[in-house]
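Trainee: I would like to go through the terms used for this model and the values behind them.

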Amino acid sequence: MAEQPWGQPYPVRPQQQSYGQPWQPAPTAQSAMRASNTDRDRTVDVLKAAYAEGRLSREEYGQRFDAVHKAQTYGQLAQLVGDLPSGPMPGPFGAAAVGLPAAYGPMPMPLPMPLPARRVNGMAITSLALGVLSLPTLGAAGLGAVATGHVAKAQIRARGDEGAGLATIGLVLGWLSVGGWVLLFLLAGFGALD
């Protein structure tokens, strides 16, 4: 240990080792971490791609493949694929900073699958249209709105279609129309009694 100017000893860092190959990463804290089977599978995928593209000979691919399954740390895996491109996807920020290929960074988030569009129930649309038509005239269309509204609700529950709100509005308007007719008949009946 050497002494600092104020008399306290401090550790002397050893000179960094120069590596035989420029692609071999310098050891870091992360390169000493133990590798998992998933990490080995990613490394094998990089090797397979390199072999398929003609970057590795059959013998070199076989040697590296065997070495992947014997590797126990990230650093050992990184040495096996350090001179190869890691694939078409760019690596996550920071993977190169720790001396590891992009294949050892966090997995990219998959895009969510779009949900198929659910169709709007035709009976619900019919119920709404009949309900709207029945209001100004208090016509018999109200009965049609009620009937098609109930059919639409049953179909929506069974099939999972869209349009529950449309069917509900059609039912409400239809029942208002039917209620108006009943009220008219009652008033007419009471008027005839007088």
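Mentor: The protein chain has a mean pLDDT of 75, with 67% of its residues at 70 or more.

Trainee: Which elements have the lowest and the highest mean pLDDT?

Mentor: Strand β2 (residues 9–10) is lowest at 50, and helix α5 (residues 141–159) is highest at 91. Residues 12–24 fall below 50, and this stretch has 8 contacts in the model beyond near neighbours in sequence. Residues 88–98 also stay under 50, with 11 contacts beyond four places in sequence. Where pLDDT is low, predicted coordinates should not be read in detail.

Trainee: Why is D83 called partly exposed?

Mentor: Its relative accessibility is 35%. Buried requires under 20% and exposed over 50%, so D83 counts as partly exposed. D83 sits in the loop between α3 (74–81) and α4 (122–137).

Trainee: What makes the pairing of the D83 and R64 side chains a polar contact?

Mentor: The distance is 2.9 Å. The cut-off for a pair of N or O atoms is 3.5 Å, so the D83–R64 pair qualifies as a polar contact.

Trainee: Which residues touch the most other members of the largest nonpolar core?

Mentor: Of its 13 residues, these are L47, L56, V68, L77, V81 and L84. Two or more residues each come from α1 (37–52), α2 (58–70) and α3, and α1 gives the most, with 4. Leaving out residues up to four places away in sequence, L47 touches L56, Y61, R64, F65, V68, L80, V81 and L84.

Terms used: Residues numbered from 1 in each chain as written. Predicted model: local features only at pLDDT ≥ 70, side-chain atom pairs only at ≥ 80, totals over all residues. Heavy atoms only, no water. pLDDT = per-residue confidence, 0-100. Contact = heavy atoms within 4.5 Å. Buried < 20%, exposed > 50% of the residue type's maximum accessible area, 1.4 Å probe, protein only. Polar contact = N/O pair within 3.5 Å; in protein donor to acceptor, adjacent residues only side chain to side chain. Core = buried A, V, L, I, M, F, W, Y, C linked by side-chain atoms within 4.5 Å.
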